[in-house]
Structures are given as structure tokens and as C-alpha cells.
Amino acid sequence: MQEIFGYTDELCRALQKQDEDIVHAIELVDVTKYHLECLRTDAGWDDFLTKVTCFCTKHKIKVVDMKGPYFPVGRPKRGLYNGAMNYHRFKVDMFVAVIDRQISELNGRFDEVNTELLSCMAAFCPLRLFAAYDQEKLVRLAKKFYANDFTSDELARLPWQLNMYVTHVRRDERFQNLKNLCQLSVMLVETNKHEQYHIVYKLLKLVLILPVATASVERVFSSMNYVKNKLRSKMGDDYLSNCLVTFVEREFFNQVKDEDVINRFQKGNRKVIL
């Protein structure tokens, strides 16, 4: 578990970040898959087995003979694994099976379509003076994934507008320190470039509303287990929504002073004085 989670830990931590760089996330997915597939090979198993043997020797733990028969601990010797060898049981049934589950989970969440979509989205990334900019990917993003949201005229004008847009923002000092797509969209509005490059801005808005299954949304669903529990199972939609907002954004609401809450409450026609 330590060996496998050691490779997947960086990806898990990166996906939990609210302002994660898309380019970095895509690279981490590919790197994680690569190391897991390497760990799955015979060379990866031999290296892992060497580490386990050294650990057992150091702490005076009996080393399992991989060529011997497998006997499940606490179970009769004759049973489900009758005739199985330690090598097959520990490598195939345990080691390889767990790695395959991890790879299958990554492939399920980041299949070819999702990976291509994220890769195209990454071409909008403003880091390092828009170093990830790729006109071909952004045009493919619009034509393949959002064809119904653009007219034929807009799709025809998009390549030239993209080139004008990226040249303009690279020369503007106000766009040099942007870190994510949200900051990019805000800066485009503040500088009125969203009207000048309205097709590009339209594509950027579609990209920003895309992540409906990201870690932030998954955290909201996880929070429902705390907010809507057995004691409050009959909560209405509005009350549930209000409770979820305050629970999920609790770091922000912790900064609100009690006096401000009381004053806002008392502004209404209240019978109770706090």
C-alpha cells in the first residue's frame, strides 16, 4: 500500500487543490499511470520484493518462501486456496490486482475523451506568459466539444481571433502574473478585452463552467453526509442549500463578525431582539 500510494499521493493532493493548474494535473495523471504500469512489470515486482525482504530481515520477521504453497492465516489449509503458491497469491492476486484497480480507476476518470478535453482546456492556461497556448487545441475544443454553442461564422473567425488575442495579452503587463483561468476571465473583463475578443471569451466561459465533477463539487456531496444526517433527514431544498453553503465555505464565514450577523438580522421586521 505504501509503495502504490506513494506514487498516487501527489496526484491526489493536486486534484484536491481548488486552483490547480490544468497542465500540471494532466502531466501528473500521465506520470502516475506510467509509474504504476512500471511497478506492475516483473522488474517492478522484483524491486518491491527486495524492499520487503530487506524490511523483514531488518526487523527479524520471517520471510515468506515464494516458491512454497500458500496457506491462509487463520483458515484451514484445505480450502479456497488449495494448491496455490505464495508467488501467485502475493504477486497476481494481491500486488498486481491492487495496481490494476488503481490504473482502472484512473482510466475511468481520465479516459481518452476527458484527457483530450482537459488537454485542450490547458491551452488557455495563462501561466508563464501563456506558454501552454496552442491554437490548434483551442479550435478543436470549440469544434469538437462545443460545436452547438458557436455559429459557423464564429468557428471560421476563431483561429484568427485566437492569434490576435494571445499576442495582445502577452504584450499586456497586466496579464503577466495570472495563475488560473478564473483570474484570466476577470482580467479580460476588467480590461474590456472580453468585448474585443468575444468569441475567445465565449469559449473561455464554456471552459470555466465545465468542471461539474471536480474535487470541489465532490466535496459538496461529501458534506451532505454531515449536514443532512439522520436527525435532519427531512430538510427542505432551500434550507439544505443554505446549510451547505455555510458549511462548505466555513473558512469564509468564520471571518464574518457576530455583530454583522446580528445587525443584518435585526434590520428585518423581527419580533426577537438578539
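**Chatting through a predicted model**

Visitor: What's the relative accessible area of Val220?

Guide: Val220 comes out at 28%, which makes it partly exposed. With a 1.4 Å probe and protein chains only, buried means under 20% relative accessible area, exposed means over 50%, and partly exposed is in between.

Visitor: What should I know about the model and the numbering?

Guide: This is a predicted model, where local features need pLDDT of at least 70 and side-chain atom pairs count only at pLDDT 80 or more, while totals for chains, interfaces and linings use all residues. Residues are numbered from 1 along each chain as its sequence is written, and side-chain values use heavy atoms, with hydrogens and water left out.

Visitor: Back to Val220, then. Where does Val220 sit, and what is Val220 in contact with?

Guide: Val220 is in helix H12, residues 215-227. Helices are DSSP runs (H or I, at least four residues), numbered from the N terminus. Leaving aside neighbours within four places in sequence, Val220 contacts Leu244 and Val248, contact being heavy atoms within 4.5 Å.

Visitor: OK, new topic. Which residues have the most contacts inside the largest nonpolar core?

Guide: Phe124, Tyr165, Leu184 and Leu203 do, in a core of 33 residues. A nonpolar core here is a set of buried Ala, Val, Leu, Ile, Met, Phe, Trp, Tyr and Cys residues joined through side-chain atoms within 4.5 Å.

Visitor: Which helix gives the most to this core?

Guide: H11, with seven residues. Leu203 touches Phe124, Leu138, Leu141, Ala142, Tyr146, Phe150 and Leu158, not counting residues up to four places away in sequence. Another core lies apart from that one, with 15 residues, among them Leu28, Val29, Ile103 and Phe110.

Visitor: How many salt bridges are there in the whole structure?

Guide: A search finds 11. A salt bridge means a side-chain nitrogen of Lys or Arg within 4 Å of a carboxyl oxygen of Asp or Glu. Lys51 pairs with Asp47, the closest N and O atoms being 3.7 Å apart. These two are four residues apart in helix H3, so about one helical turn separates them. Glu3 joins Asp47 and Lys51 in a network of salt bridges.

Visitor: What about Asp93 and Arg89?

Guide: Their side chains meet in a salt bridge too, at 3.7 Å, N to O. Asp93 is partly exposed at 33%, whereas Arg89 counts as buried at 13%.

Visitor: You mentioned H3. Which residues of H3 are buried?

Guide: Gly44, Trp45 and Cys56. Seen down the axis of H3, they fall within an arc of 100°, so they line one face of the helix; the arc is that of the directions from the helix axis to the C-beta atoms. Ala43, Thr57 and Lys58 are exposed on the other side.

Visitor: Last one: what's phi for Arg128?

Guide: About 50°, a positive value although Arg128 is not a glycine. Phe130 has a positive phi near 60°. Both sit in helix H6, but Arg128 is exposed at 60%, whereas Phe130 is buried at 1%.
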